[in-house]
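Q: Before we look at any one feature, could you show me how to read a structure step by step, giving the general idea and then the case at hand?

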Amino acid sequence: MHSVARARFPVTVSLAILVLALAFVSLGVGAVALSPRAVLAALCDGEGVSGLIVREIRLPRTLLALLIGATFGLSGAALQGLLRNPLAEPALFGAPQAAAAGASLVIAFGFAPVTSLAVPIAGIAGALASIAGLVAIAGRRASLTVTLLAGLALASFAGAATALILNLAPNPYIALEIAFWLLGSLEDRSREHVLLVAPFLVASWAILAPQARAFRALTLGEDAAASLGVDVARTRLAVVIGVATGIGAAISVTGAIGFVGLVAPHLVRRAVGSDPARILVPAALAGAALLLAADIAVRLVPAAVEIKVGVATALVGVPFFLAMIFGERRALEGAPA
Amino acid sequence: MSERTPAPLLAARDVAVRLGRRRVLDGVAIALDRGEIVALVGPNGAGKTTLLRALAGLVDAAGSIAVAGRPLARMAPRERARLVAYLPQGHVFHWPLAAAEIVALGRQPHADPFARTTEADRAAVARALAATGTTAFAERPVTTLSGGERARVALARALATEAPILLADEPTASLDPRHQLLIMEQLREAARAGGAVLAATHDLALAARFADRVAVMQAGRLVANAPPAEALSAERMAAVFGVETVFVEAGGARVPIVHRPL
């Protein structure tokens with residue numbers, strides 16, 4: 001393993017180009033296939049049916065995939081940096097589960113259609129409540145173990161709440177609608193969804209990115225990092241809040257999408273090395289590329305019902321992740337705990 | 001800082017730490033002067049690590065701890081980090097960074113958030129690598145290094161801060177004899193260069209050979225703080241460690257060899 005990555009800058013640039021290319025492809029793919037030229041024309045003048053399709057339907061979907069994928073990648077890398085553990089993933093503190101519970105509640109009893117804005121608003125409220133709950137239970141200066149256990153308790157509670165909502169749903173159609181929503185999709189999301197969720201996503205980036213230095217110092221463990229001037233408790237709180245804000249908001253709009261946050265940092269670690277600070281931007285780009293690719297794939301698969309992107313990331317993610325674990329097994333086992 | 005500091009570099013009085021209801025440290029007073037290396041010895045659980053962590057500002061402690069005449073508790077974390085370097089035991093590295101990158105972490109307290117690496121940083125890292133003999137594998141991932149190499153990289157990281165005070169927790173544990181001597185020599189050099197070093201160790205022979213003073217801890221209290229020959233007397237060894245000790249002359253020092261349990 002070579003960690004001194006002089007190649008980091010080219011890797012980041014290549015990833016950025018890949019994300020842009022995938023975003024462009026995403027604008028052309030769907031029930032109506034559009035040529036690159038038609039996509040460009042539609043983007044620029046926005047006229048006619050293709051203009052409507054690209055600007056009103058595919059652009060929001062593409063932007064959401066890009067922004068949310070980047071948030072997953074960044075959150076995963078940030079959590080792995082905080083916990084010094086390559087298996088940490090964004091669902092750890094319960095925010096996505098809480099967001100799903102909040103959204104389900106509105107779908108079940110708020111009489112809101114699945115694509116209305118009331119759903120993500122309730123989801124974001126659920127995620128924020130989970131942060132408040134976590135800080136209240138664990139306290140501001142709690143140890144990592146206590147924070148993790150509190151997160152686990154909250155995640156289980158939110159899962160149980162979602163199950164209860166499904167159980168109490170007024171009629172089976174609504175239960176089915178919730179179940180489908182939970183599978184995770186970017187279909188039929190509007191510009192309003194983008195505008196609603198983007199501030200939360202950007203806020204989470206603004207909270208997480210400045211922790212890079214602290215993550216690098218944490219390579220030496222919490223005590224040594226603290227002796228280097230890092231406020232470890234504050235870093236932990238910032239990561240919990242940043243991840244919950246971003247992932248909670250993302251899940252509120254899409255339903256459950258897994259594995260991107262876990263896999264993206266692994267993908268880039270091979271190319272840019274293990275430095276938990278330097279990996280943040282490449283991991284965010286890799287996350288954006290992954291989710292864009294998955295969302296393009298579900299539109300290309302010939303099926304009577306569109307496969308949900310959350311199902312696709314889980315289906316592809318698990319074997320992919322297993323393959324990586326086997327590939328890196330020696331390195332993982334050789335590394336100190 | 002002025003050249004003549006009237007007070008010692010580090011002065012701690014009445015330091016007490018409670019973990020839960022247990023008092024792990026009680027009424028400890030210790031001072032470190034420029035140029036001296038002090039060994040901190042005591043049985044397991046005597047409070048050595050807690051004392052080092054308290055002096056490094058890593059654990060809430062009652063009493064007063066002053067560095068260069070100023071209270072530690074009132075310093076900003078980064079300012080404190082520039083004055084007090086702390087080397088924890090175990091030499092843990094969670095990610096396979098290059099040794100030079102690990103050593104460069106020692107410069108974090110000096111950098112402002114947006115600054116790139118400065119000339120001073122590069123020079124300090126190079127000095128720390130050279131002092132610990134780790135330049136040869138500076139580019140290798142730390143996870144591929146041997147235990148002795150890792151210990152030296154960890155020490156280089158602490159030295160790279162160029163803080164006047166270095167607190168080291170068992171810096172020689174699990175090292176072979178030659179590396180134990182090399183690390184102790186490096187610590188002594190850091191002290192002779194104008195710093196103050198406090199190193200916890202279980203190796204009483206090393207303590208006697210290298211330390212100017214030996215601080216002996218027992219059950220959370222400091223029971224001796226004196227030159228090695230006085231601090232590590234046969235009576236104290238029996239009282240604190242429960243061992244019978246014989247002494248040999250080595251390198252001009254009276255070196256204790258633990259003989260059998262009492």
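A: Let us begin with helix length, for which one rule is needed: the expected span of a helix is 1.5 Å times one less than its number of residues. Please keep in mind throughout that this is a predicted model.

Q: What span should the 21 residues of helix H13 of chain A have, and how far apart are its end C-alpha atoms?
A: At 1.5 Å a residue, helix H13 (residues 280-300) of chain A should span 30 Å, and because its end C-alpha atoms are 30 Å apart, the two values agree.

Q: How many helices and strands does chain A have, and what radius of gyration would a compact globule of 337 residues have?
A: The secondary structure of chain A comes to 14 helices and 0 strands. A compact globule with 337 residues would have a radius of gyration near 20 Å, and chain A, at 20 Å, agrees with that. Its C-alpha atoms fill a box of roughly 60 × 50 × 35 Å along the principal axes, and buried residues make up 53% of the chain.

Q: Which strands form the open sheet of chain B, and in what order?
A: The open sheet has 4 strands in the order S2-S1-S4-S5, with antiparallel pairing. Strand S2 (22-32) and strand S5 (70-71) of chain B are the edge strands, each of which pairs on one side only. Strand S1 (residues 10-19) of chain B is joined to S2(B) by 7 bridges, and Leu19(B) has Arg22(B) in S2(B) as its bridge partner.

Q: Why does the salt bridge between Glu101(B) and Arg278(A) join two chains?
A: In general, side chains of opposite charge can pair when their charged atoms come close. In this case the side chains of Glu101(B) and Arg278(A) meet at 2.9 Å, N to O. Glu101(B) lies in helix H3 (residues 99-104) of chain B, whereas Arg278(A) lies in the loop between helix H12 (260-272) and H13 of chain A, so the pair joins two chains. Glu101(B) is buried, with a relative accessible area of 15%.

Q: What parts does the salt bridge between Arg236(A) and Glu222(A) tie together?
A: The closest N and O atoms of Arg236(A) and Glu222(A) are 3.2 Å apart. Because Arg236(A) lies in helix H11 (residues 232-254) and Glu222(A) in helix H10 (residues 222-227) of chain A, the pair ties together parts that are 14 residues apart in sequence. Arg236(A) is buried at 7% relative accessible area, while Glu222(A), at 27%, counts as partly exposed.

Key
Residues numbered from 1 in each chain as written. Chains lettered and ligands numbered in written order. Predicted model: local features only at pLDDT ≥ 70, side-chain atom pairs only at ≥ 80, totals over all residues. Heavy atoms only, no water. Pairing = 2+ DSSP bridges. Rg over C-alpha atoms; globule rule 2.2 N^0.38 Å. Buried < 20%, exposed > 50% of the residue type's maximum accessible area, 1.4 Å probe, protein only. Salt bridge = Lys/Arg side-chain N within 4 Å of Asp/Glu carboxyl O.
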